[in-house]
Amino acid sequence: HDVAFKTFPDMYHAPDRFTYHLKWRHACKTADRIIAISQTTKEDIIRFYDVDPARIDIVYQPVSPLYYTDDQGICPQSLCEQVNGKPYMLYVGSINSRKNLLGIIKAMELLPDDLKIPLVVIGNGREYKQKVLSYIDSHNLKDLVIFGNGKVSTRELRYLYSNARLLVYPSFYEGFGLPVVEALLSRCPVVTSNVSSLPEAAGPDSLTVDPNDISQIADGMAAILTDDRLKESMVRKGYRYAMDNFSPKVLADRLMDVYRKLI
(Lines give C-alpha, C1' and ligand atoms only; values in the text may rest on other atoms or scores of the structure.)
Protein backbone atom coordinates (compact mmCIF):
# COMPACT_ATOMS: atom_id res chain seq x y z
CA HIS A 1 0.00 0.00 0.00
CA ASP A 2 2.75 2.44 0.88
CA VAL A 3 6.06 2.79 2.68
CA ALA A 4 5.06 5.82 4.74
CA PHE A 5 7.20 4.56 7.61
CA LYS A 6 10.16 5.30 5.32
CA THR A 7 8.95 8.57 3.82
CA PHE A 8 7.52 9.97 7.07
CA PRO A 9 9.54 8.19 9.79
CA ASP A 10 8.70 10.78 12.46
CA MET A 11 5.12 9.52 12.48
CA TYR A 12 6.17 6.02 13.61
CA HIS A 13 7.81 4.69 16.76
CA ALA A 14 11.25 3.16 16.21
CA PRO A 15 10.19 -0.45 17.04
CA ASP A 16 7.34 -0.19 14.53
CA ARG A 17 9.64 1.15 11.81
CA PHE A 18 12.08 -1.69 12.45
CA THR A 19 9.34 -4.35 12.34
CA TYR A 20 7.75 -2.93 9.19
CA HIS A 21 11.11 -2.76 7.47
CA LEU A 22 11.86 -6.42 8.19
CA LYS A 23 8.46 -7.50 6.89
CA TRP A 24 8.64 -5.36 3.75
CA ARG A 25 12.21 -6.43 2.98
CA HIS A 26 11.34 -10.12 3.37
CA ALA A 27 8.23 -9.76 1.21
CA CYS A 28 10.12 -7.94 -1.54
CA LYS A 29 12.84 -10.60 -1.60
CA THR A 30 10.55 -13.63 -1.66
CA ALA A 31 7.45 -12.62 -3.62
CA ASP A 32 7.14 -13.72 -7.26
CA ARG A 33 5.09 -10.62 -8.06
CA ILE A 34 4.52 -7.42 -6.10
CA ILE A 35 1.31 -5.43 -6.42
CA ALA A 36 1.56 -1.68 -5.78
CA ILE A 37 -1.57 0.43 -5.47
CA SER A 38 -0.05 3.36 -7.41
CA GLN A 39 2.88 4.39 -9.53
CA THR A 40 4.19 6.32 -6.55
CA THR A 41 4.17 3.24 -4.34
CA LYS A 42 5.92 1.26 -7.08
CA GLU A 43 8.65 3.89 -7.27
CA ASP A 44 9.03 3.89 -3.48
CA ILE A 45 9.40 0.09 -3.42
CA ILE A 46 12.12 0.32 -6.06
CA ARG A 47 13.87 3.17 -4.22
CA PHE A 48 13.86 1.66 -0.73
CA TYR A 49 14.13 -2.07 -1.51
CA ASP A 50 16.00 -2.18 -4.82
CA VAL A 51 13.34 -4.30 -6.53
CA ASP A 52 13.41 -5.00 -10.27
CA PRO A 53 10.61 -2.82 -11.71
CA ALA A 54 9.53 -5.74 -13.93
CA ARG A 55 8.39 -7.64 -10.81
CA ILE A 56 5.98 -4.90 -9.73
CA ASP A 57 2.44 -4.51 -11.10
CA ILE A 58 0.17 -1.55 -10.44
CA VAL A 59 -3.41 -2.37 -9.45
CA TYR A 60 -5.31 0.57 -8.01
CA GLN A 61 -7.36 0.18 -4.85
CA PRO A 62 -11.15 -0.16 -5.15
CA VAL A 63 -13.56 1.68 -2.88
CA SER A 64 -16.75 0.38 -1.27
CA PRO A 65 -19.29 -0.96 -3.82
CA LEU A 66 -21.77 1.67 -2.62
CA TYR A 67 -19.81 4.40 -4.43
CA TYR A 68 -20.48 2.75 -7.80
CA THR A 69 -24.27 2.98 -7.26
CA ASP A 70 -26.83 5.80 -7.26
CA ASP A 71 -27.34 5.52 -3.49
CA GLN A 72 -26.85 9.04 -2.10
CA GLY A 73 -26.52 7.85 1.48
CA ILE A 74 -28.07 9.14 4.68
CA CYS A 75 -27.30 12.21 6.75
CA PRO A 76 -25.27 11.35 9.87
CA GLN A 77 -27.53 11.92 12.85
CA SER A 78 -24.74 13.57 14.85
CA LEU A 79 -24.07 16.09 12.06
CA CYS A 80 -27.43 16.50 10.36
CA GLU A 81 -28.36 19.72 12.13
CA GLN A 82 -25.07 21.30 11.05
CA VAL A 83 -24.86 20.09 7.43
CA ASN A 84 -28.32 19.27 6.11
CA GLY A 85 -29.11 21.86 3.44
CA LYS A 86 -26.13 24.02 4.42
CA PRO A 87 -22.90 24.69 2.51
CA TYR A 88 -19.74 23.04 3.78
CA MET A 89 -16.37 21.73 2.68
CA LEU A 90 -15.19 18.24 3.62
CA TYR A 91 -12.03 16.59 4.89
CA VAL A 92 -11.87 12.80 5.30
CA GLY A 93 -8.87 10.97 6.74
CA SER A 94 -6.72 10.40 9.79
CA ILE A 95 -5.77 13.55 11.63
CA ASN A 96 -1.99 13.43 11.51
CA SER A 97 0.79 15.69 10.26
CA ARG A 98 1.11 13.88 6.91
CA LYS A 99 -2.52 14.65 6.01
CA ASN A 100 -2.08 18.41 6.50
CA LEU A 101 -5.37 19.35 8.16
CA LEU A 102 -3.70 22.35 9.78
CA GLY A 103 -2.72 23.56 6.32
CA ILE A 104 -6.38 23.46 5.29
CA ILE A 105 -7.46 25.49 8.29
CA LYS A 106 -4.75 28.09 7.70
CA ALA A 107 -5.88 28.30 4.06
CA MET A 108 -9.46 28.90 5.18
CA GLU A 109 -8.29 31.98 7.05
CA LEU A 110 -7.16 33.47 3.73
CA LEU A 111 -10.60 33.15 2.13
CA PRO A 112 -12.85 36.21 1.81
CA ASP A 113 -15.51 36.29 4.52
CA ASP A 114 -18.30 35.36 2.12
CA LEU A 115 -16.47 32.12 1.20
CA LYS A 116 -15.69 31.02 4.75
CA ILE A 117 -18.09 28.11 4.95
CA PRO A 118 -17.51 25.40 7.58
CA LEU A 119 -15.13 22.50 7.11
CA VAL A 120 -16.53 19.14 8.21
CA VAL A 121 -13.73 16.87 9.47
CA ILE A 122 -14.24 13.09 9.47
CA GLY A 123 -11.36 11.23 11.09
CA ASN A 124 -9.52 10.56 14.32
CA GLY A 125 -6.16 11.62 15.67
CA ARG A 126 -4.08 12.10 18.79
CA GLU A 127 -1.15 14.49 19.28
CA TYR A 128 -1.55 16.25 15.95
CA LYS A 129 -5.29 16.63 16.50
CA GLN A 130 -4.56 18.43 19.77
CA LYS A 131 -2.23 20.76 17.87
CA VAL A 132 -5.02 21.48 15.37
CA LEU A 133 -7.56 22.07 18.14
CA SER A 134 -5.17 24.46 19.89
CA TYR A 135 -4.75 26.43 16.67
CA ILE A 136 -8.51 26.59 16.14
CA ASP A 137 -9.03 27.81 19.70
CA SER A 138 -6.27 30.43 19.61
CA HIS A 139 -7.46 31.82 16.27
CA ASN A 140 -11.20 31.85 17.15
CA LEU A 141 -12.13 29.42 14.37
CA LYS A 142 -14.50 27.15 16.28
CA ASP A 143 -17.46 28.13 14.11
CA LEU A 144 -15.56 27.18 10.94
CA VAL A 145 -14.51 23.61 11.80
CA ILE A 146 -16.99 20.83 12.59
CA PHE A 147 -15.55 17.55 13.86
CA GLY A 148 -17.59 14.41 13.35
CA ASN A 149 -18.19 12.45 16.53
CA GLY A 150 -17.61 8.71 16.51
CA LYS A 151 -17.67 6.38 13.53
CA VAL A 152 -19.41 7.31 10.31
CA SER A 153 -20.97 4.53 8.24
CA THR A 154 -20.33 4.18 4.51
CA ARG A 155 -23.81 5.46 3.69
CA GLU A 156 -23.32 8.47 5.98
CA LEU A 157 -19.95 9.21 4.42
CA ARG A 158 -21.51 8.94 0.98
CA TYR A 159 -24.05 11.58 1.99
CA LEU A 160 -21.32 13.91 3.20
CA TYR A 161 -19.39 13.58 -0.06
CA SER A 162 -22.51 13.97 -2.19
CA ASN A 163 -23.60 17.19 -0.48
CA ALA A 164 -20.23 18.87 0.13
CA ARG A 165 -19.18 21.83 -1.99
CA LEU A 166 -15.76 20.20 -2.32
CA LEU A 167 -13.32 17.77 -0.74
CA VAL A 168 -10.06 19.34 0.46
CA TYR A 169 -7.23 16.80 0.71
CA PRO A 170 -3.77 18.44 0.47
CA SER A 171 -1.84 15.51 1.94
CA PHE A 172 1.95 15.49 1.81
CA TYR A 173 2.09 11.79 0.93
CA GLU A 174 -0.34 8.98 0.08
CA GLY A 175 0.09 5.46 -1.19
CA PHE A 176 -3.11 6.06 -3.15
CA GLY A 177 -5.71 8.41 -1.63
CA LEU A 178 -9.06 6.64 -1.29
CA PRO A 179 -11.04 9.72 -0.16
CA VAL A 180 -10.23 11.40 -3.47
CA VAL A 181 -11.77 8.56 -5.48
CA GLU A 182 -14.75 8.31 -3.11
CA ALA A 183 -15.38 12.02 -3.65
CA LEU A 184 -15.11 11.80 -7.45
CA LEU A 185 -17.55 8.89 -7.55
CA SER A 186 -19.90 10.94 -5.35
CA ARG A 187 -19.71 13.82 -7.85
CA CYS A 188 -17.85 16.00 -5.38
CA PRO A 189 -15.07 18.22 -6.81
CA VAL A 190 -11.61 17.80 -5.30
CA VAL A 191 -8.73 20.02 -4.28
CA THR A 192 -5.74 17.82 -3.52
CA SER A 193 -1.95 17.74 -3.67
CA ASN A 194 0.28 17.71 -6.72
CA VAL A 195 2.66 15.24 -5.04
CA SER A 196 2.96 11.47 -4.47
CA SER A 197 0.06 9.39 -5.80
CA LEU A 198 -2.65 12.02 -5.47
CA PRO A 199 -2.58 13.24 -9.10
CA GLU A 200 -3.12 9.59 -10.13
CA ALA A 201 -6.17 9.29 -7.89
CA ALA A 202 -7.56 12.72 -8.73
CA GLY A 203 -7.12 12.73 -12.51
CA PRO A 204 -6.45 15.68 -14.83
CA ASP A 205 -9.62 17.61 -14.03
CA SER A 206 -9.26 17.94 -10.25
CA LEU A 207 -7.38 20.91 -8.82
CA THR A 208 -3.92 19.93 -7.58
CA VAL A 209 -1.86 22.28 -5.43
CA ASP A 210 1.44 22.42 -3.59
CA PRO A 211 0.55 21.17 -0.07
CA ASN A 212 3.25 23.41 1.39
CA ASP A 213 1.70 26.53 -0.16
CA ILE A 214 -1.24 27.71 1.97
CA SER A 215 -2.24 30.34 -0.58
CA GLN A 216 -2.50 27.71 -3.34
CA ILE A 217 -4.82 25.62 -1.17
CA ALA A 218 -6.96 28.68 -0.51
CA ASP A 219 -7.02 29.58 -4.23
CA GLY A 220 -8.20 26.06 -5.08
CA MET A 221 -11.05 26.29 -2.58
CA ALA A 222 -12.05 29.74 -3.83
CA ALA A 223 -12.03 28.67 -7.47
CA ILE A 224 -14.60 25.93 -6.88
CA LEU A 225 -16.70 28.01 -4.48
CA THR A 226 -17.02 30.91 -6.93
CA ASP A 227 -17.06 29.31 -10.40
CA ASP A 228 -20.13 27.15 -11.00
CA ARG A 229 -19.08 26.31 -14.54
CA LEU A 230 -15.71 25.04 -13.33
CA LYS A 231 -17.36 23.04 -10.59
CA GLU A 232 -19.83 21.40 -12.98
CA SER A 233 -17.03 20.48 -15.38
CA MET A 234 -14.93 19.01 -12.57
CA VAL A 235 -17.85 16.96 -11.30
CA ARG A 236 -18.69 15.54 -14.73
CA LYS A 237 -15.13 14.80 -15.85
CA GLY A 238 -13.98 13.63 -12.43
CA TYR A 239 -16.77 11.07 -12.20
CA ARG A 240 -15.95 9.77 -15.67
CA TYR A 241 -12.25 9.51 -14.83
CA ALA A 242 -12.98 7.56 -11.65
CA MET A 243 -15.33 5.14 -13.41
CA ASP A 244 -12.89 4.60 -16.27
CA ASN A 245 -9.91 3.94 -14.02
CA PHE A 246 -11.21 2.58 -10.71
CA SER A 247 -14.37 0.61 -11.46
CA PRO A 248 -14.48 -2.98 -10.12
CA LYS A 249 -14.32 -4.54 -13.60
CA VAL A 250 -11.25 -2.51 -14.60
CA LEU A 251 -9.41 -3.38 -11.38
CA ALA A 252 -10.44 -7.05 -11.46
CA ASP A 253 -9.06 -7.35 -14.99
CA ARG A 254 -5.76 -5.82 -13.86
CA LEU A 255 -5.50 -8.22 -10.95
CA MET A 256 -6.32 -11.17 -13.20
CA ASP A 257 -3.44 -10.13 -15.45
CA VAL A 258 -1.11 -10.41 -12.45
CA TYR A 259 -2.34 -13.95 -11.77
CA ARG A 260 -1.80 -14.91 -15.40
CA LYS A 261 1.83 -13.85 -15.17
CA LEU A 262 2.30 -16.48 -12.44
CA ILE A 263 0.74 -19.37 -14.35
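**Helix pairs and a buried leucine**

I began with H10 and H11, where Ala-223, Ile-224 and Thr-226 of H10 meet Asp-228, Leu-230, Lys-231 and Met-234 of H11; contact means heavy atoms within 4.5 Å. By class I get four nonpolar, one polar and two charged residues here (Ala, Val, Leu, Ile, Met, Phe, Trp, Tyr, Cys and Pro count as nonpolar, Asp, Glu, Lys and Arg as charged, the others, Gly among them, as polar).

A note on sources: this is a predicted model, with pLDDT of at least 70 needed for local features and 80 or more for side-chain atom pairs, while totals for chains, interfaces and linings use all residues. Residues are numbered from 1 along each chain as its sequence is written, and side-chain values use heavy atoms, leaving out hydrogens and water.

Next I looked up Leu-198, which is found in helix H9 (residues 198-202); helices are DSSP runs of H or I, at least four residues, numbered from the N terminus. Is Leu-198 buried or exposed? Leu-198 is buried, at a relative accessible area of 0% (buried means under 20%, exposed over 50%, partly exposed in between, with a 1.4 Å probe and protein chains only). I also noted 6.4 Å between the C-alpha atoms of Leu-198 and Phe-176, which lie 22 residues apart along the chain. Leaving aside neighbours within four places in sequence, the contacts of Leu-198 include Tyr-169, Val-180 and Thr-192.

Notes: Helices (H or I, at least four residues) and strands (E, at least two) are DSSP runs, numbered from the N terminus.
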